[in-house]
Structures are given as structure tokens and as C-alpha cells.
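Me: I've got a model open here. Can you walk me through it?

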Amino acid sequence: MARSVFRFLSRQPESIEIANRNYLLRLPRYADYRQWYQLRSESRAFLEPWEPTWRADEMTESAFRSRVIRNEQEYASGQAVPLFLFHKPDEILLGGLTIGHIRRGAAQNCMIGYWMGQKYAGQGHMYEALKLTIPYIFSTLELHRIEAACIPENARSIRLLEKAGFEREGYLRQYLKINGQWRDHLMFSLLSADAVPNRNMPL
């Protein structure tokens with residue numbers, strides 16, 4: 001009952017797919033576990049420096065199922081849109097992108113975060129995912145501002161955000177606990193007014 005009430009209040013559809021010819025972003029499903037486990041396991045050393053400390057049960061199927069349930073609840077309540085990124089022609093999981101911390105009222109903004117499997121990194125896949133996701137955020141979710149934060153040493157993420165049209169706004173001291181340590185972050189933002197024709201990310 002609560003789930004249907006949340007969906008009514010947030011006017012969220014049952015599910016979501018953001019796609020073009022080559023890429024598909026959708027909510028995680030139980031059936032994704034095997035692909036997710038394989039990709040995250042082989043990419044662990046690559047991902048850990050940029051993520052919160054992995055729990056002891058991080059890679060278990062039960063933890064993944066709990067994650068899928070939590071993702072569905074967050075989406076249904078309008079709090080977040082957690083997405084997996086697939087190469088559409090062969091349905092291969094590449095990584096993930098989350099539209100999180102959605103705030104309405106006077107704010108009308110969100111925070112995005114993303115991860116990419118090591119063997120697919122640096123090939124432009126996340127840039128293409130952002131090209132699909134940003135118009136969804138501004139047009140479908142009708143938000144005004146997108147924020148993204150990254151560790152100053154994460155040059156690859158900085159290049160991605162700047163290529164996508166984000167502007168650097170400030171320096172956040174000990175903003176998030178990453179890999180067991182409180183880390184400073186750079187804050188980037190993109191406004192709906194920035195996403196106009198002839199920019200990197202047109203609506």
C-alpha cells in the first residue's frame with residue numbers, strides 16, 4: 001500500500017527506460033546480479049579508490065536483492081532514479097548512473113553519481129549516458145540544477161563533467177567518506193539554462 005501511495009504522490013511511472021540506438025539506462029533487476037557481480041568483482045581495485053568502503057557482504061546475492069528493493073523504493077518515492085547502463089545491442093552491463101538526492105520545492109535539483117566497469121572505462125560510454133540522462137532530468141523530471149562532486153585526483157571524472165558542460169563551483173572539505181577516509185571534493189553543476197542548443201548537452 002505504501003509503495004502505491006508513494007508512486008501516486010510522486011507521479012512516477014512503474015518503471016523507466018532511457019535509451020537510444022546504442023545505450024539503455026534502466027532500473028536494476030534481480031536478473032542483473034550475475035553481470036553485476038562479474039563486472040564489479042573484476043573492477044574492484046579500479047573502483048575502490050573512488051567509492052565508499054565496500055561492506056563484507058557487498059557482492060552477495062542477498063545484498064544485491066536488497067539493493068534492488070531499495071532502488072525501487074527510492075524511485076517510487078521520487079527520491080532517486082538509480083540506473084544501470086547497458087550497451088543496448090548485446091545487453092552488456094557497462095556501469096551505473098544514479099540521479100540521487102532529488103529535492104523539490106524551492107531547490108528543484110539533484111545530485112548525480114556514476115561508476116564504470118574497468119574494461120569499459122575511457123571509451124566514451126559514460127559521456128553518452130550523460131547525453132541521454134541530462135535531457136531526462138531537465139525535461140521529464142523538470143529539475144533546475146544538477147550537481148556532481150568528485151575527488152580532485154579523479155582527473156577522468158573531471159574531464160567527463162567538463163566535457164558534458166558542467167561548471168566547477170567550489171571546493172568541499174572532507175565532503176564524503178571514500179574508501180575509509182574523509183575526502184575533499186570538487187563541486188560541479190549544470191543548470192537547465194545551460195543545456196541549450198549548440199551546447200554539448202542539448203535538450
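**Fold and contacts**

Reply: The protein has six helices and eight strands. Helices (H or I, at least four residues) and strands (E, at least two) are DSSP runs, numbered from the N terminus. This is a predicted model, so local features need pLDDT of at least 70 and side-chain atom pairs count only at pLDDT 80 or more, while totals for chains, interfaces and linings use all residues. Residues are numbered from 1 along each chain as its sequence is written, and side-chain values use heavy atoms, with hydrogens and water left out.

Me: In what pattern do they follow along the sequence?

Reply: Along the sequence it reads α-β-β-α-α-α-β-β-β-α-β-α-β-β.

Me: How much of the protein counts as buried?

Reply: Of its 203 residues, 45% count as buried. Buried means under 20% relative accessible area, exposed over 50%, partly exposed in between (1.4 Å probe, protein chains only).

Me: What share of the contacts is between residues 24 or more positions apart?

Reply: Such residues account for 62% of the contacts with a separation of 6 or more. Contact means heavy atoms within 4.5 Å.

Me: Switching to rings. How many aromatic pairs?

Reply: Rings of Phe, Tyr and Trp (its six-membered ring) pair if their centres lie within 6.5 Å; planes under 30 degrees apart count as stacked, over 60 as edge-to-face and the rest as tilted. By this rule there are six aromatic pairs. Tyr33 and Tyr37 form a tilted one, 5.8 Å centre to centre with 40 degrees between the planes.

Me: Where are those two in the helix?

Reply: Both are in helix α2 (residues 33–42). They are four residues apart, so about one helical turn separates them. Tyr33 counts as buried at 16% relative accessibility. Tyr37 is partly exposed, at 37%.

Me: Which residues form the aromatic cluster?

Reply: Tyr33, Trp36, Tyr37, Phe64, Phe84 and Phe86 form one cluster.

Me: Which charges lie over rings?

Reply: The charged end of Arg40 sits over the ring of Trp115, 4.7 Å from its centre. Arg65 lies over the face of Tyr30, at 4.0 Å from the ring centre. The rule wants NZ of Lys or CZ of Arg within 6 Å of the ring centre and within 35 degrees of the ring normal.

Me: Is Arg40 buried or exposed?

Reply: Arg40 counts as buried, at 6% relative accessibility. Arg40 lies in helix α2.

Me: What does its side chain join?

Reply: A polar contact of 2.7 Å joins the side chains of Arg40 and Glu51. That term means a pair of N or O atoms within 3.5 Å; within protein, one must be able to donate a hydrogen and the other to accept it, and residues adjacent in sequence count only if both atoms are side-chain atoms.

Me: Where does Glu51 lie?

Reply: In the loop between α3 (44–47) and α4 (61–76). Glu51 counts as buried, at 13% relative accessibility. Leaving aside neighbours within four places in sequence, Glu51 is in contact with Arg40, Trp115, Ile178 and Asn179. Glu51 and Ile178 are 127 residues apart in sequence, yet 5.2 Å apart in space, C-alpha to C-alpha.

Me: Where is Asn179?

Reply: In the turn of the β7 and β8 hairpin, with a positive phi of about 50 degrees.

Technical notes. Two strands pair if DSSP finds at least two bridges between them.
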